[in-house]
Amino acid sequence: MTTLLEIKEQIRGFCSRYEIYLYPVVKSILAIITFFMIRSRLGFMTRINSVTLLLVLALSCALLPVNMIVVFAALLVLLHLYSLSLAACAVCFLVMLVMFLLYFRFLPKKSYYAVLMPLAFVFHIPYVMPVALGLLNESPVSILAMVCGGVIYYLLAGITANATGIAEMTEDDSVITKFSDVLNQFLGNREMIAMLAILVLAALVVWFLRRLAVDHAWLIAISTGCLLQLVLTLICDLQLKLGASMLSVILGVIVSALVGLVLQFFFFNLDYTRTERVQFEDDEYYYYVKAVPKIYVSGTDKKVQKFSGEDAQISRKELAQEMDIDEDLLDF
Amino acid sequence: MIHNERVRHMVQLQAFNDRKGNECFPIVRYFRGDYVGLHMLSSFVSATVCYGIGLLMWGICNMEMLMTSIHTMDLRQFATRIVLRYVIFVVLYLIAVYIYAQIKYTRAKKEMKSYNRHLKRVIAGYERDGGEA
């Protein structure tokens with residue numbers, strides 16, 4: 001445990017020392033993953049599938065605010081969908097516009113959750129997001145960004161799954177018919193509604209529990225959130241016949257619990273055995289204070305003493321005196 | 001001569017500028033009522049546009065039904081229903097925005113109190129040293 005705590009302190013020290021370089025690097029990596037995921041999942045417009053173009057976009061995100069990842073990702077998605085079908089592009093644009101007007105206008109700082117959520121879905125770990133959001137956010141409003149990301153993921157997944165049908169344009173079809181088809185298929189997606197409801201509920205429960213003034217609040221929040229997600233997903237799967245893979249669900253929940261524990265280790269590692277309770281008063285109030293110390297290990301400063309031949313030159317006589325032997329014995 | 005105490009406060013001020021300055025300074029320029037009112041006004045426009053988009057989507061999805069029953073349906077009742085839903089949607093959204101704007105303004109004011117405290121100490125430090133800087 002001490003080793004882990006030392007590693008944690010070293011990581012924290014490293015991050016705070018090199019924050020100025022790490023932040024752009026993390027933004028670039030997130031942008032690269034996002035843009036290449038869009039390319040592999042959609043990729044309908046070959047002109048913007050160029051690796052160089054995507055890399056330039058991703059690297060430019062290192063210098064721009066984090067929200068530009070969302071803007072570039074939205075533009076790439078719309079261009080790919082335009083190449084597939086005007087109706088699909090229009091539906092996606094309108095959904096994004098509604099999200100922007102109703103939510104992202106107020107909380108642009110959290111808009112990158114809308115990118116992280118589809119990525120979590122693609123990697124089959126959507127359950128990580130409610131746990132992470134519930135643990136790390138002061139306000140539950142950012143859960144809405146997660147919902148927006150989920151909606152975009154299901155919209156794009158539906159369009160990709162029916163790409164051939166959407167792209168084919170028969171004589172009877174008009175843009176409006178296609179628009180209606182895409183929209184109906186999106187709005188009638190029961191899996192999306194059930195999944196988003198589960199994730200929102202889990203995020204709210206995690207957020208509520210970790211704020212409680214009880215011992216091991218974070219651990220309780222993580223375990224309850226994960227169990228809730230597992231149970232509700234299983235119930236929804238049985239009731240709605242969603243056909244979700246049980247192994248994938250269980251693995252996703254386990255990963256979310258592990259991520260939650262890692263977050264707890266880094267941000268809320270308390271020693272409950274040394275809890276102190278104090279009471280005091282002033283003119284207006286009586287205070288009951290419970291103080292729980294953080295587990296902290298100061299990094300060991302290792303001093304390395306170098307013994308090099310150049311610095312440690314010693315005469316034969318001195319060496320013989322030091323070893324208390326005859327000087328002639330040093331001749332071999 | 002470097003005044004350690006003053007430097008400490010100035011570092012706090014700069015840290016606030018970097019972390020929360022962009023968020024707090026534009027908010028506290030307004031009176032509370034003006035800030036909340038401005039948010040609600042822009043949100044009213046946003047909510048109206050969004051409702052329009054939703055209505056458009058619904059209309060396109062149900063185009064066939066609308067075309068076949070437009071001559072038989074009670075248009076006044078239909079319009080009343082649309083307007084009523086619009087009012088409910090806008091009112092609910094504006095209530096949420098009102099709460100959000102109030103909380104945001106209160107938080108910004110609270111943050112600015114700490115900023116002003118450091119600022120006052122820096123100014124007091126300069127005055128104590130007779131304007132030496």
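Author: Let us begin with a definition: a crossing is left-handed if the near helix is turned anticlockwise from the far one by less than a right angle, and right-handed if clockwise. Please note also that this is a predicted model.

Reader: What is the hand of the crossing of helix 7 of chain A and helix 12 of chain A?

Author: The crossing of these two helices, helix 7 and helix 12 of chain A, is right-handed.

Reader: How does one describe two packed helices in general?

Author: Two packed helices are described by the angle between their axes and by the distance between those axes. In the present case, helix 7 (residues 128–136) of chain A packs with helix 12 (residues 217–240) of chain A at an angle of about 150 degrees, and their axes are 10 Å apart. Angles over 145 degrees count as roughly antiparallel; helix 7 and helix 12 of chain A are therefore roughly antiparallel to each other. Helix 7 of chain A contributes P130(A), V131(A), G134(A) and L135(A) to the contact, while helix 12 of chain A contributes W218(A), A221(A), I222(A), G225(A), C226(A) and Q229(A). By class, this contact of helix 7 with helix 12 of chain A has seven nonpolar, three polar and no charged residues.

Reader: At what angle do helix 6 of chain A and helix 8 of chain A pack?

Author: Helix 6 (residues 113–122) and helix 8 (residues 143–161) of chain A pack at an angle of about 50 degrees, with their axes 7 Å apart. That angle makes helix 6 of chain A oblique to helix 8 of chain A. The crossing of helix 6 and helix 8 of chain A is right-handed. Among the residues in the contact are Y113(A), M117(A) and F121(A) of helix 6 and M146(A), G150(A) and Y153(A) of helix 8 of chain A. By class, the contact of helix 6 with helix 8 of chain A has twelve nonpolar, two polar and no charged residues.

Reader: How do strand 1 and strand 2 of chain A pair?

Author: Strand 1 (residues 276–281) and strand 2 of chain A pair in the antiparallel sense over six bridges. These two strands of chain A form a hairpin, with four residues between them. R277(A) stands opposite K290(A) in strand 2 of chain A.

Reader: How many residues of strand 2 of chain A are buried?

Author: A residue is buried if 20 or more other C-beta atoms lie within 10 Å of its own. Of the six residues of strand 2 (residues 286–291) of chain A, the number buried is zero, so this strand lies largely in the open.

Reader: Which elements of chain A give two or more residues to the side that touches chain B?

Author: Twelve residues of chain A are in contact with nine residues of chain B. Helix 5 (86–104) and helix 10 (175–187) of chain A are the elements that give two or more residues to that side of chain A. By class, the side of chain A that touches chain B has nine nonpolar, two polar and one charged residues.

Methods:
Residues numbered from 1 in each chain as written. Chains lettered and ligands numbered in written order. Predicted model: local features only at pLDDT ≥ 70, side-chain atom pairs only at ≥ 80, totals over all residues. Axes fitted to C-alpha atoms, helices over the stretch in contact; angles between N-to-C directions. Parallel < 35°, antiparallel > 145°, perpendicular 65-115°, else oblique. Contact = placed C-beta atoms within 7 Å. Nonpolar A, V, L, I, M, F, W, Y, C, P; charged D, E, K, R; others polar. Buried ≥ 20, exposed ≤ 12 C-beta atoms within 10 Å, placed from the backbone. Pairing = 2+ DSSP bridges.
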